[in-house]
Amino acid sequence: MKKTVISIIGITLMLFAFTACQPRYIFVPHVHAFGEWTIIKEATCTDEGVKTRTCKLCSETETKIIEALGHDFDAVTNTCTRCGTVRQVISAEDDFLTATQKDGDVLIILQEDITIDIAPWARPENDKSVFGTDKTESIVIDGNGHDITFNNIDSDWNAIYTKNEDAVLTIKNATIDNLGHNADGGTWNGHDINFNCSVVLDNVTANNAIALGGKTATIKNSTISDADCTSDAYMLWIQANGQTVTVEDCIINGVSASGKGNRAIKIADEYVDEPKAVTLNVSGTTFSSDSKAAVLVTNTAGATINWGEGNDISGVKADTVNAVWNDGDRASYMDLVKVYGCTMKLEP
Ligand SMILES: [Zn+2]
Ligand SMILES: [Zn+2]
């Protein structure tokens, strides 16, 4: 009997001692005493890493992102001393398309403003303006502060292609604009700058409206405006081909200098053979426009719109309350449009 009592007390004490170590038993406010950082994932030249540290008193864990290191290029060989990436430093007289004709990852750093000829829509085969080879996985163009001008040759339907349909084109640190056929016509019956490939725009100033063909697109830390457009343009025209588009920390400025009814974003089934639902994620973005809501959905296949933190639609003249409108001519498809974090109404 005595032994049993002792062992029950013993077990109770052991349980208490065990549970007393857990954070929920420490009620005393304290300054965390964090231990050393532990690297969970090493940062590389291009990818962020992760590190954590734990409080010795309460086991609270702090997690931090380790910034990507950036390449460390040898000035003579133009090769990264860490990862072996080779950069191509090109000037205006160098042929841009030739520079993209490389398998794997392509990195191009501009030394001057360049102009790139862009062929008409639906002519990707054997076309001299297609970027990369069929084995190119990524093309990064670091504008290095320079201008990239896309010269539309002889059609309303010019488009930027990558030869490998799965390749990702990244343009960063650049101002982009266009020239040539109907250059200021807007995105309606022609596409001023049309990315018909997966695209990332990072720290880009687009002085012309942009259309997105059908692949995944991410636009961040960037501005899109087209004040001199000659028609009622959308700053971002998303062709409804089932893709995901993310707009993060951007300025979408659809205000016309010439009194047009310019707009911000449209998800459009026009000129699409078999429209599919588009997913649009928007955060940290400021909108202004002359006409329509921040986002107009004109798609018989609908859309999912995730309206994140930090968006500002106070400069949208037609509606500063509802971020999304469903097109009036497609009222019967409004059920297919799902909005999260904002409200939607039928286009009045
Ligand atoms: Zn603590
Ligand atoms: Zn590197």
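Which residue in β9 is the bridge partner of Ser138? In this predicted model, the residue is Val168. That contact belongs to the pairing of strand β7, residues 136–142, with strand β9, residues 168–180. The two strands pair in the parallel sense, over five bridges.

Strand β8, which covers residues 147–152, runs parallel to β9 and is joined to it by six bridges. Within this pairing, Asp147 has Thr175 of β9 as its bridge partner. Strand β11, residues 198–206, also runs parallel to β9, and eight bridges join these two strands. Here Ile171 stands opposite Leu201 in β11.

A separate description applies to the open sheet of seven strands, whose pairing is parallel. Read across, its order is β10-β12-β15-β18-β21-β24-β26. The edges are formed by β10, residues 193–195, and β26, residues 344–346, and each of these strands pairs on one side only. From one strand to the next, the twist averages 20°.

One pairing inside this order can be followed at the residue level. Strand β12, residues 210–212, and strand β15, residues 234–239, run parallel and are joined by three bridges. Ile210 has its bridge partner in β15, namely Leu236.

Key
Residues numbered from 1 in each chain as written. Chains lettered and ligands numbered in written order. Predicted model: local features only at pLDDT ≥ 70, side-chain atom pairs only at ≥ 80, totals over all residues. Pairing = 2+ DSSP bridges. Helix = DSSP H or I, 4+ residues; strand = E, 2+ residues; numbered from the N terminus. Axes fitted to C-alpha atoms, helices over the stretch in contact; angles between N-to-C directions.
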